[in-house]
Amino acid sequence: MKHVERFRASTAEESRYRLLVDAVTDYAIYMLDPEGVVSSWNAGAERIKGYREHEIVGQHFSQFYTEEDRTAGRPALTLRTATEAGRFAGEGWRVRKDGSRFWASVVVDPILDPAGRLIGFAKITRDLSERRHADAALRASEERFRLLVQSVTDYAIFMLDAEGRVTNWNSGAERIKGYTPEDIVGRHFSCFYTPEDRARGAADAALAAAAREGRFEKEGWRMRKDGSRFWAHVVIDRILSEDGTLIGFAKVTRDITERRESQRALEKAREAFFQAQKMEAIGQLTGGVAHDFNNLLTAILGSLDLLRKRLPEEPRTSRLLDNAILAAQRGASLTQRMLAFARRQDLAPEPVDVPLLVRGMTGLLERTLGPNVAIETRFPLGLGAAEADANQLELALLNLAVNARDAMPQGGTIIIAARQVAVREPVHATGLPEGDYMCLSVADTGEGMDEATLARAAEPFFTTKGVGKGTGLGLSMVHGMAEQSGGRLILKSRRGEGTTAEIWLPLAAAPRPAGTAPASEAEAEPSLGHLAVLAVDDDAIVLANTAALLEDLGCTVHQAASGAEALAVLEAGTPVDLVITDQAMPRMTGMELAAVLRTRWPALPIVLATGYADLPAGELRLPRLPKPFSQQDLARMVREVAAQPPGSGTEPPAVR
């Protein structure tokens with residue numbers, strides 16, 4: 001009875017086990033006899049392999065293998081391994097009933113009786129095709145990503161571990177930074193930072209910011225393997241595990257040195273363009289103001305000349321007139337500087353007594369430089385004269401002195417010196433040809449310049465004084481004046497040792513006579529009473545003054561306030577021996593009037609009275625009377641032009 005109950009209990013347990021196995025559909029669970037013949041079959045096996053139980057039970061399990069695996073004897077090897085090792089586990093291709101293949105995970109365990117004899121095998125198979133496809137897709141994606149990252153050469157793309165050590169390296173990183181993967185993997189990324197950035201902990205701060213904020217982005221200098229520097233754009237992103245633990249960083253670096261230099265060059269070009277526009281506007285304004293001043297000074301000087309001739313000789317009165325004339329002449333010198341700045345004055349080279357010129361500038365220099373700057377002059381006895389435009393040389397010295405003052409914010413000493421130098425070498429340090437020169441120098445005790453600044457100091461618009469504190473034209477104007485005069489501007493400077501600016505000028509054949517006060521009365525000259533002069537000027541004051549000066553010289557004067565009025569006077573048959581016309585007039589300029597006169601009255605002499613040097617280009621060449629002019633200047637010009645053969649069209653030197 002007990003035996004029957006145990007049999008029934010055993011049967012019930014087997015039934016429950018059978019139900020459990022049949023309920024599993026994700027695994028093929030079946031048994032083999034010792035020879036490998038299928039002896040049982042579950043629902044999962046039917047679903048995965050496609051055979052129904054009655055179709056496969058009694059068949060050898062080798063038919064689940066591919067043809068190539070059967071040929072290689074793998075089914076037998078599987079059973080032998082399970083028997084000898086106690087278990088077989090592996091993955092491989094298997095074949096369904098319909099001939100399709102799937103990737104299977106296989107486990108085979110031997111089944112032994114109580115005596116230890118082999119009675120069969122338990123075999124479990126799982127279809128891993130989807131996982132294999134997913135793994136293959138992941139591997140393919142990773143490979144594509146790896147190839148993508150490796151193919152990028154414009155960006156350094158690499159990873160860091162949580163401590164900042166390099167864990168991988170792409171070809172862009174190798175190109176930009178110069179390290180091979182063997183050189184750099186395993187090293188801390190701080191080796192890319194400059195020594196000064198490493199000293200202040202910039203690398204650790206970057207990682208800390210990325211770890212805290214999730215991202216760090218900045219531009220700055222970085223180092224290559226060879227020690228050279230480049231300007232980099234850097235992005236560091238943190239990498240977290242699924243549970244939020246920091247496992248490393250992704251780092252992308254781009255070399256933007258060229259872009260930065262291009263941007264800086266563009267900014268400098270834009271700044272220079274705006275500066276040029278500003279200077280052009282200032283130059284036009286300055287030239288216009290100088291022209292108006294010239295007209296006023298012409299009237300003032302002319303009126304003073306006439307007053308001195310007509311007032312009775314009296315020492316106190318003469319002194320006052322002389323002072324007024326000297327003041328007007330200084331005003332004329334000022335307008336010449338303004339016109340030079342506006343590029344509307346020709347250089348007038350002449351022998352210049354440099355010590356006398358500097359002494360005449362002493363008051364101007366002292367007022368300009370201020371009380372904190374001491375001025376020393378060092379001129380040897382017997383110093384010759386320089387061949388230069390005195391006004392331009394004075395302006396150049398003033399520019400150099402102001403630069404020297406600005407280089408000494410706490411005050412100091414400026415030394416103005418000169419020496420004669422005979423250049424006899426075919427190749428001189430200055431680059432000047434052989435000849436005799438004067439070296440005029442302005443030295444300061446200021447901050448000096450480094451090599452980079454010194455190399456660019458004479459470039460137009462280059463300045464170290466900051467925006468709005470300097471035009472950057474001072475040294476370039478000095479350079480241009482020296483070159484145009486046949487000389488050189490030489491700059492010598494070292495940081496912390498001050499600067500010396502040398503203006504090399506050709507030595508003149510003879511010094512200019514020392515300046516004296518104007519003569520007390522006009523030179524005795526032949527009378528001009530036989531001449532009829534047509535004076536043309538749109539400024540009524542200048543016109544009246546010119547007419548008065550000419551009438552005082554004995555000329556018959558006809559006045560015209562415009563080119564049209566001048567033509568009307570001539571068309572009326574009025575006898576005229578000479579025309580003196582202003583240049584800057586509305587509707588018809590002096591040059592345009594002269595062109596008409598040359599066509600209709602070709603033998604009529606014409607004088608152009610103007611303060612400008614940049615007259616319109618053309619074939620017409622006219623003698624010029626620079627404004628402001630004195631009665632002596634006017635008389636000399638009239639006599640020279642009147643002495644020319646009729647219709648000669650020659651251009652005598654302008655009166656200065």
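The chain holds 20 helices and 20 strands, where helices (H or I, at least four residues) and strands (E, at least two) are DSSP runs numbered from the N terminus. This is a predicted model, in which local features need pLDDT of at least 70 and side-chain atom pairs count only at pLDDT 80 or more, while totals for chains, interfaces and linings use all residues. Residues are numbered from 1 along each chain as its sequence is written, and side-chain values use heavy atoms, with hydrogens and water left out.

Of the 656 residues of the chain, 41% count as buried; that label means under 20% relative accessible area, with exposed being over 50% and partly exposed in between (1.4 Å probe, protein chains only). As for contacts (heavy atoms within 4.5 Å), take those in the chain with a separation of 6 or more: 58% of them come from residues 24 or more positions apart.

Now for a sheet. Strands of a sheet pair through backbone hydrogen bonds, either parallel or antiparallel. Here, two strands pair if DSSP finds at least two bridges between them. Four strands make up an open sheet, ordered S5-S8-S7-S6, with antiparallel pairing. Its edges are strand S5 (155-161) and strand S6 (215-223), each of which pairs on one side only. On average, neighbouring strands of this sheet are turned by 25° against each other, direction ignored. Axes are lines fitted to C-alpha atoms, for helices over the stretch in contact, and angles run from 0 to 180 degrees between N-to-C directions. Seven bridges tie S5 to strand S8 (residues 246-255), and the two run antiparallel. Within that pairing, Ile157 has Val252 in S8 as its bridge partner. Helix H10 (residues 202-213) packs on the sheet and touches S5, S6, strand S7 (229-240) and S8, with its direction at about 35° to that of S7.

Strand S13 (residues 435-444) is another one to look at. Nine of its ten residues are buried, so S13 is largely enclosed by the rest of the structure. Ten bridges link strand S12 (residues 412-423) to S13 in an antiparallel run, and Val423 is partnered there with Gly435 of S13. S13 is also joined to strand S15 (residues 499-506), again antiparallel, by seven bridges; Val442 has Ala501 in S15 as its bridge partner.

Glu387 sits in strand S11 (residues 386-388). With a relative accessible area of 26%, Glu387 is partly exposed. Leu505 is 118 residues away from Glu387 in sequence, yet the C-alpha atoms of the two are 6.5 Å apart. Leaving aside neighbours within four places in sequence, the contacts of Glu387 include Pro349, Ser485, Leu505 and Ala508.

Not counting residues up to four places away in sequence, Asn545 touches Thr298, Ala299, Gly302 and Ser303.
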